Amino acid sequence: MTSLDPTASPGRWDTVHALLAALDAQIESLYTERGIRGVRPRFAYPLIRLAHTGPLTIRELAESLGRSHSAMSQTLTAMRREGLVDSESGTDARTRRITLTGRGRALVPFLEAEWRATEAAVAELDDEIPHALSAVVAELERALERRPMRDRILAHLDEPPAAPESPAASAGEPHP
């Protein structure tokens with residue numbers, strides 16, 4: 001090793017990630033208190049959307065929610081494990097349409113009520129703090145439009161020279 005571990009001390013965004021995880025944990029605790037087991041806050045968005053649209057492919061659902069196909073696929077796998085969604089054959093052999101199960105459909109009224117209550121609580125919190133998070137996010141988006149994160153990272157990237165690739169590695173063979 002030629003340098004200190006840069007992950008040894010907390011990064012500036014660690015607190016943001018921790019806060020979001022704590023908020024999700026509090027929402028999940030509401031579910032548990034009401035006897036709803038195995039449901040994560042990230043399931044609410046796709047469950048509510050499917051209740052309103054009917055069956056969708058993973059791609060359609062991901063696009064409608066502004067998520068990546070990969071992230072949506074992982075979420076749906078977890079939801080299927082909890083008996084919230086199922087799939088049926090699509091228009092061709094390559095596609096499957098995601099459907100709500102009876103359990104998933106039964107949860108939607110509560111999830112919609114929780115969604116509205118959470119939005120109200122976020123608005124209340126936004127009004128309570130001196131720098132509303134929604135305004136800060138909008139400012140961050142404008143700053144990133146002016147200069148994307150990739151460009152900002154590249155301006156600070158002091159990368160070490162790449163190690164020369166051995167002939168064995170370039171041929172796909174393991175290093176000795």
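The axes of helices H2 and H3 come within 11 Å and cross at roughly 110 degrees; axes here are lines fitted to C-alpha atoms, for helices over the stretch in contact, and angles run from 0 to 180 degrees between N-to-C directions. H2 is therefore roughly perpendicular to H3, given that angles of 65 to 115 degrees count as roughly perpendicular, under 35 as roughly parallel, over 145 as roughly antiparallel and the rest as oblique. The model is predicted: local features need pLDDT of at least 70 and side-chain atom pairs count only at pLDDT 80 or more, while totals for chains, interfaces and linings use all residues. Residues are numbered from 1 along each chain as its sequence is written, and side-chain values use heavy atoms, with hydrogens and water left out. Helices (H or I, at least four residues) and strands (E, at least two) are DSSP runs, numbered from the N terminus.

**Helix H2 and its helical partners**

- Tyr45, Pro46, Arg49 and Leu50 of H2 meet Leu61, Ser64 and Leu65 of H3, where contact means heavy atoms within 4.5 Å.
- By class, the residues of the contact of H2 with H3 divide into 5 nonpolar, 1 polar and 1 charged; Ala, Val, Leu, Ile, Met, Phe, Trp, Tyr, Cys and Pro count as nonpolar, Asp, Glu, Lys and Arg as charged, and the others, Gly among them, as polar.
- H2 also packs with helix H4 (residues 69–81), at an angle of about 95 degrees and with the axes 10 Å apart; these two helices are therefore roughly perpendicular to each other.
- On the H2 side of this contact stand Arg42, Phe43, Pro46 and Leu47, and on the H4 side Met72, Gln74, Thr75, Ala78 and Met79.
- The contact of H2 with H4 has 6 nonpolar, 2 polar and 1 charged residues.
- Threonine 75 lies in helix H4 and counts as buried at 10% relative accessibility; buried means under 20% relative accessible area, exposed over 50%, and partly exposed in between (1.4 Å probe, protein chains only).
- Leaving aside its neighbours within four places in sequence, threonine 75 is in contact with Arg42, Phe43 and Pro46.
- Just after H2, glycine 54 takes a positive phi of about 85 degrees.

**The nonpolar core**

- In H2, the residues Pro41, Phe43, Ala44, Pro46, Leu47, Ile48 and Leu50 are buried.
- The largest nonpolar core has 24 residues, of which Leu47 and Val85 touch the most other members; such a core is a set of buried Ala, Val, Leu, Ile, Met, Phe, Trp, Tyr and Cys residues joined through side-chain atoms within 4.5 Å.
- At least two residues of this core come from each of helix H1 (14–33), H2, helix H3 (58–65), H4, E3 and helix H5 (102–128).
- H2 gives the most to this core, with 5 residues.
- In soluble globular proteins, nonpolar side chains tend to be buried together.
- Not counting residues up to four places away in sequence, valine 85 touches Leu47, Leu50, Leu76, Met79, Arg80, Ile98, Thr99, Leu100 and Thr101.

**The sheet**

- An open sheet is formed by 3 strands in the order E1-E3-E2, with antiparallel pairing; two strands pair if DSSP finds at least two bridges between them.
- The edge strands, each pairing on one side only, are E1 (56–57) and E2 (85–89).
- E1 is joined by 2 bridges to strand E3 (residues 96–100), and the two run antiparallel.
- Helix H2 (residues 41–53) packs on the sheet and touches E1, E2 and E3, its direction making about 100 degrees with that of E3.
- Threonine 57 stands opposite arginine 97 in E3.
- Between E2 and E3, which run antiparallel, there are 5 bridges, and a hairpin joins E2 to E3 through 6 residues.
- Serine 87 has isoleucine 98 of E3 as its bridge partner.
- Threonine 99 is in strand E3 and is buried, with a relative accessible area of 14%.
- Pro55, Leu84, Val85, Asp86, Ser87 and Glu88 are touched by threonine 99, not counting residues up to four places away in sequence.

**The loop between H4 and E2**

- Glutamate 82 lies in the loop between H4 and E2 and is partly exposed, with a relative accessible area of 33%.
- Leaving aside neighbours within four places in sequence, glutamate 82 is in contact with Arg37, Gly38, Phe43 and Arg103.
- The C-alpha atoms of glutamate 82 and arginine 142 are separated by 39 Å, and the two residues are 60 residues apart along the chain.
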